[in-house]
Every structure is written in structure tokens, then in C-alpha cells.
Amino acid sequence: MSTESTTIRWEQDDTGIVTLVLDDPDQSANTMNAAFIDSLDTVAARLAEHRDDIRGVIVTSAKKSFFAGGDLRDLISVTPETARRSFDAGMRVKRSLRVLETLGKPVVAAINGAALGGGYEIALACHHRVVLDTPAARVGLPEVTLGLLPGGGGVTRTVRMFGVTEALRKVLLEGTQYGPARALEAGLVDEIAGDSDQLLDRARAFIDANPESAQPWDRPGYRIPGGTPSTPKLAARLPALPALLKRKTGGAPAPAPRNILAAAVESAQVDLDTAFVVEARYLTELVTGQITKNMIQAFFFDLQAVNSGANRPQGVEPREVTRVAVLGAGMMGAGIAYSCARAGIDVVL
């Protein structure tokens with residue numbers, strides 16, 4: 001393990017507020033790669049050691065986005081032989097984030113751009129979340145759309161924030177990405193800031209107003225909203241969830257939503273540290289399977305290539321098409337004609 005933080009910058013002001021700036025020097029976006037995991041370990045140890053000299057912590061980013069999530073190149077390459085290594089790396093992240101949220105000092109996420117997947121999981125480990133009011137700011141856990149499960153504490157913490165059924169509906173099973181206003185309305189963030197100065201001002205204001213902070217689930221008398229699976233009202237609803245999921249997927253093999261559902265229900269029945277292990281095991285099962293690998297390849301890498309024009313014929317000058325002829329007006333032909341017409345192109349069927 002490295003004793004130096006290469007991807008997280010430590011900036012401490014004279015009032016005792018530490019700003020952790022996420023800034024991977026080797027990438028245009030911050031991801032949960034090996035360098036970040038080492039940096040997080042280092043920073044967590046330093047925070048714990050200097051706790052008495054710290055008044056609060058702000059987590060923000062030097063990139064256009066806040067944090068892009070798991071490194072998909074790492075995830076797609078996991079095999080049954082390397083599964084243990086992948087599991088251990090995920091558990092390291094969760095242990096370090098746990099240090100952050102149990103510091104006893106206020107920790108604020110100043111979300112300056114997209115915080116999806118692992119990015120939102122970092123924000124979930126903070127006591128307060130402020131998001132910048134910009135179209136680029138998106139928060140949520142879209143892992144399910146890539147055949148994955150939020151394995152950085154996302155299942156465990158959203159279940160404790162919203163309750164089992166609400167966490168599944170709002171965040172986990174649909175993979176919804178929320179803009180600032182919708183995120184505030186849905187309770188995924190606590191405040192919206194108009195500009196980057198206000199973003200940091202509001203983070204500091206929370207630290208000033210809450211000198212001692214803890215997560216709701218670490219306070220005495222905490223109960224999961226809506227109850228645990230042994231609560232009669234929730235217990236009566238749970239058997240319907242797998243049936244609804246099967247209807248939604250049409251019976252297709254969809255291991256990610258199935259594992260998310262199982263992890264959410266099971267993690268609500270155990271303590272936080274055990275819940276993290278449950279979550280990690282369900283993610284490890286997914287990343288070693290072929291369906292997840294296919295989904296990451298198709299819906300991320302292949303789609304990125306298509307959107308960047310990788311399949312365009314080389315050496316042909318781009319030109320604006322104004323008229324299109326479509327041969328055949330069946331379902332596919334009609335769909336192509338409709339798309340062209342919507343784009344303002346004259347269509348001949």
C-alpha cells in the first residue's frame with residue numbers, strides 16, 4: 001500500500017477545515033482505480049491521526065465532473081481467479097469511507113459536476129451533500145444499467161437513508177440519474193449552490209453549524225425507514241418484489257437487478273459492517289459473470305466508440321444530408337423514416 005496520496009490533494013486552511021480535492025493526474029476524470037484506493041487509505045489514516053486538529057472536511061473535485069465511479073476496465077477484466085482481489089479492493093474502499101463518516105467531525109460533499117456510481121457513493125459517506133446548479137451535475141447510482149451493483153456502500157447506505165422499497169424504487173433498480181433540482185426533491189442531496197464559490201461557502205456553513213456530526217444510522221435509536229424485513233408491513237410487501245422484477249425483465253436473465261434486490265433486503269437485516277460484506281459478495285458474483293462483461297462492453301465501450309464516430313468510413317468528408325430515401329415501410333423502415341423526419345430531413349418512402 002502506498003503511503004503517499006497521488007489522486008487526492010489535502011488542503012488545510014488556518015481554521016482547521018481540510019478540503020480533500022479529488023484530482024487524478026493521469027486521467028481526465030476521477031475513477032475508483034488502484035491509485036485512488038491507495039490514496040483513500042492514506043487520507044483516511046491521516047484524518048484519523050489528526051482528528052483533534054481538524055474542524056471539518058470538504059470533499060470536492062478539480063475535474064469537470066466530481067467522480068466518475070468504478071474503473072470499468074478493471075471491472076471487466078475480473079475473472080474467478082482474481083475475484084478475491086476485486087472483493088478485497090472494494091472492502092478497502094468501504095473501510096476508508098467508514099473512517100470518514102465516523103470521524104466525529106462534519107464531512108461535506110461539494111459536488112461540482114457528475115457524481116454517478118462510485119462518485120455518489122463517496123457523497124453518501126458524507127454527512128451533507130451540496131450540488132452545483134449546472135446541467136453537467138448528475139447524481140445517482142446507474143450501475144444496474146451496466147449489469148453492476150453499487151459496491152462502494154451504495155446499497156447499504158441508500159437502504160438506511162430511504163428504506164428498502166424506496167431505495168430500490170428511487171435509486172437502485174432504475175439507475176436514475178438526477179439533475180440538481182430533482183436530486184434535492186428526491187432527497188439525494190441537501191442543498192443546491194448557484195456557483196462554485198457558493199458551493200464551498202455552503203459546505204463551510206454546514207461545518208460551522210454542526211461541529212459534531214454523525215450519520216443517522218450511527219445515532220442512538222436509529223431505525224431503517226419503513227422497517228426491516230421482519231417488520232410485518234414490509235414483510236407483507238417483500239414477496240411481490242421478485243415477481244414484479246421478473247415481469248419487468250420479461251423473464252430475461254438479469255442478474256444485476258436480482259442481486260441488487262437480494263443485497264438490499266439482506267443488508268437491512270444485519271449490522272452495517274456485515275451489510276458491506278453482503279453487498280461486496282453480490283457485486284463479485286456479477287463482475288465474474290459473462291452477462292455483466294457483455295453489458296459493460298456493449299453499453300459503455302462500444303457505445304462510446306459509436307458516439308465518437310469510430311464506425312464512420314475513413315477519408316470521407318462529412319456533409320449535411322437534406323434528403324433521404326427509405327426502401328420498405330415496415331416497422332424498421334418506418335422507424336428510420338420517422339427518425340430522419342424528426343431531424344428535419346426530407347424523407348421519400
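Q: By class, how many nonpolar, polar and charged residues does the lining of the largest pocket have?
A: First, the ground rules: this is a predicted model, where local features need pLDDT of at least 70 and side-chain atom pairs count only at pLDDT 80 or more, while totals for chains, interfaces and linings use all residues. Residues are numbered from 1 along each chain as its sequence is written, and side-chain values use heavy atoms, with hydrogens and water left out. For classes, Ala, Val, Leu, Ile, Met, Phe, Trp, Tyr, Cys and Pro count as nonpolar, Asp, Glu, Lys and Arg as charged, and the others, Gly among them, as polar. Here the lining of the largest pocket has 21 nonpolar, 18 polar and nine charged residues.

Q: What volume of space lies in the largest pocket, and which residues lie nearest its centre?
A: The search runs on a 1 Å grid over the protein atoms alone: a pocket is an open set of points with protein on both sides within 12 Å along at least five of seven lines, a cavity is a set where a 1.4 Å probe fits but cannot get out, and lining residues have an atom within 4 Å of a point. Grid points are joined across faces, edges and corners, and a volume is the space filled by probe spheres set on the points. The largest pocket holds about 1,300 Å³. Its lining counts 48 residues, with Gly69, Gly70, Asp71, Leu72 and Leu75 nearest the centre.

Q: Which element gives the most to the lining of the largest pocket?
A: Elements are DSSP runs numbered from the N terminus: helices are H or I with at least four residues, strands are E with at least two. At least two lining residues each come from α1 (34-49), α2 (72-76), α3 (83-101), α4 (118-124), α12 (272-287) and α13 (290-307). α3 gives the most, with eight residues.

Q: And the second largest pocket: which residues lie nearest its centre?
A: Leu173, Glu174, Leu245, Lys248 and Pro257 do, out of 22 lining residues. About 500 Å³ of space lies in this second largest pocket. Two or more lining residues come from each of α6 (164-172), α10 (240-249), α11 and α13. α10 gives the most, with five. The lining of the second largest pocket splits into 14 nonpolar, three polar and five charged residues.

Q: Now helix packing. At what angle do α5 and α6 pack?
A: Axes are lines fitted to C-alpha atoms, for helices over the stretch in contact, and angles run from 0 to 180 degrees between N-to-C directions. α5 and α6 pack at about 120°, with their axes 7 Å apart. That makes α5 oblique to α6, given that angles under 35 degrees count as roughly parallel, over 145 as roughly antiparallel, 65 to 115 as roughly perpendicular and the rest as oblique. The crossing of α5 and α6 is right-handed, the term used if the near helix is turned clockwise from the far one by less than a right angle (left-handed if anticlockwise).

Q: Which residues of α5 and α6 meet?
A: Contact means heavy atoms within 4.5 Å. Gly154, Val155, Thr158, Val159 and Phe162 in α5 meet Val164, Glu166, Ala167, Lys170, Val171 and Leu172 in α6. That contact of α5 with α6 divides into seven nonpolar, two polar and two charged residues.

Q: How do the axes of α5 and α11 cross?
A: The axes of α5 (residues 154-162) and α11 (residues 255-267) come within 9 Å and cross at roughly 55°. That makes α5 oblique to α11. The crossing of α5 and α11 is right-handed. Val155, Thr156, Val159 and Arg160 of α5 make the contact with Ala263, Ala264 and Ser267 of α11.
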